[in-house]
Amino acid sequence: MTLEFLQDERARLVRLGLWRTLRPLESPTGPVVTVAGCELLQLSSNDYLGLSADGRLRAAAAAASEVWGTGTGASRLITGTNLLHTEVEARLAALKGAADAVLFSSGYLANLGTIQALVGPKDAVVSDTLNHASIIDGCRLSGARILVYPHADPTAAAQLLEKARREGARRLLLITDSVFSMDGDLAPLVALSQVARRHQAIFMVDEAHATLLLGEGRGAVSGLGLRAELEVDVIVGTCSKAVGALGGFVAGSRELCDFLRNRARSFVFDTAPPAGVLGAIRRALELSEAEPERRQRVLAHARRLADALRALDYAVPEPAAAIVPVMIGEAERALRLAERLRELGILAVAIRPPTVPPGTARLRLCPIATHSDEQIDEVIAAFARLREVVLRG
Ligand SMILES: *Cc1c(COP(=O)(O)O)cnc(C)c1O
């Protein structure tokens, strides 16, 4: 009886085109996947380098599990840390040019725990309006005052930092995605880092969609000539996307990382990630360095896709990395387009509120390194066929 409201809530979401269901894959993720018995060309994963089904990562995961077992049995500070954790943390720190790195079980947990550890009710966070949900949740959980600036606007960010300081905030945290997860554009990191320094704010950048893609794989921070610790205090990354495994991390000074190991609740109270995941991460970091052509391929696919769809009059912003959003508007229309694409053998999931603001539903296309040029051509051809449907509404 007490859960009766669930039926109404479901009906409401169905009416709005916002009800979502799980569609399990019947194959590993990759350029082509099997769903409900159909082979579909997939453009909806964040497996940017195509590593998650790579035989060498599978072998590395299996070998590490063979040696260390499948679970870790405890949180990191109890007996959950083994030699693989310390090795992977050192490699992630090196990737980001930082003194140290802390591994979490996911990027979501990295943001949640880090923001909560760094700021509290006496402090203020200044956050881009399009920042990832895990950042928003971390800000809410911290109890700090939250001031949201218009997307990618360093001047507005500066004004909010000044306002927070004037109104008595103790610590200030300026926080942004580097590559935005649903829009694919790049934050003005150089200007924001200057704003942060001028206002003595901690500067935190989430590189979930730039790690192993931009800046020779080191991320957008490094690609723009910004240095860990000096210009960016806190760099967040995930091992769940281009790395092809699972986990999140924070790179920064030794002091910062040791503090997080003590105070980030999502680190302290969470069981340590298992060896299989760590073995895969370690191998992925080696492969991304040995095979730079993987990131060159995916970035080239994204640019070609964006240019071709724009030439067909679709609204497609310039991709900074590998995310190509096709802006549609109403959720229902985005769903219809996704359905028609599926009839043409293409899996491109419609992204709707609450993942994106109301009225900005879109198809978020993410090519991966293991798509062939012909497969990208096929996607462009499908959008060409559906052009009339979409433009006429
Ligand atoms: C995906 C994502 C996360 C969460 O990382 P997970 O490892 O998937 O939990 C955090 N921040 C951004 C910007 C993301 O896109």
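**Stop 1: helix H10**

The model on your screen is predicted. Now select the whole of H10, residues 254-263. Which residues of this helix are buried? They are Leu256, Cys257, Leu260 and Arg261. Look down the axis of H10. The buried residues fall within an arc of 135 degrees, so they line one face of the helix.

**Stop 2: the whole chain**

Zoom out. The protein chain has 16 helices and 13 strands. How does the radius of gyration compare with that of a compact globule? For 393 residues, a compact globule would be near 21 Å, and the chain has 21 Å, which agrees.

Color by burial if your viewer can. Buried residues make up 54% of the 393 residues. Then show the surface. The accessible surface comes to about 17,200 Å², and carbon and sulfur atoms account for 54% of that area.

Contacts come next. Take those with a separation of 6 or more: 70% of them are between residues 24 or more positions apart.

**Stop 3: Gly80**

Select Gly80, in helix H3 (residues 76-80). Is Gly80 buried or exposed? Its relative accessibility is 2%, and under 20% means buried, so Gly80 counts as buried. Gly80 and Thr271 are 191 residues apart along the chain, yet 6.8 Å separates their C-alpha atoms. Leaving out residues up to four places away in sequence, Gly80 touches Thr72, Ala74, Ser75, His85 and Ala272.

**Stop 4: Pro273**

Go to Pro273, in the loop between helix H11 (265-268) and helix H12 (275-290). Pro273 is buried, with a relative accessible area of 8%. Which residues does Pro273 touch, not counting residues up to four places away in sequence? Among them are Thr72 and His85, and both of these also touch Gly80. Others include Arg76, Leu103, Phe104 and Leu278. Now pick Ala251: this residue is 22 positions from Pro273 along the chain, and their C-alpha atoms are 17 Å apart.

**Stop 5: Arg15**

Move to Arg15, in helix H1 (residues 5-15). With a relative accessible area of 63%, Arg15 is exposed. Arg15 and Glu332 lie 317 residues apart in sequence, and 9.8 Å apart in space, C-alpha to C-alpha.

**Stop 6: the backbone**

Most residues other than glycine have a negative phi, and most peptide bonds are trans. Look for departures from that.

Select Gln200, in the loop between helix H8 (189-198) and strand S7 (202-206). Its phi is near 50 degrees, a positive value in a residue other than glycine. Gln200 is exposed, at 65% relative accessible area.

Next, select Leu212, in the loop between S7 and helix H9 (220-223). What is the phi of Leu212? It is near 70 degrees, a positive value again. Leu212 counts as buried, at 0% relative accessibility.

Finish at Pro353 and Pro354. A cis peptide bond joins these two residues, with omega about 10 degrees. Pro354 lies in the loop between strand S12 (350-351) and strand S13 (361-365).

Key: Residues are numbered from 1 along each chain as its sequence is written. This is a predicted model: local features need pLDDT of at least 70, side-chain atom pairs count only at pLDDT 80 or more; totals for chains, interfaces and linings use all residues. Side-chain values use heavy atoms; hydrogens and water are left out. Helices (H or I, at least four residues) and strands (E, at least two) are DSSP runs, numbered from the N terminus. The radius of gyration is taken over C-alpha atoms; the globule rule is 2.2 Å times the number of residues to the power 0.38. Buried means under 20% relative accessible area, exposed over 50%, partly exposed in between (1.4 Å probe, protein chains only). Contact means heavy atoms within 4.5 Å. Accessible areas come from the Shrake-Rupley method with a 1.4 Å probe; for residues, only the protein chains shown count as cover. The arc is that of the directions from the helix axis to the C-beta atoms.
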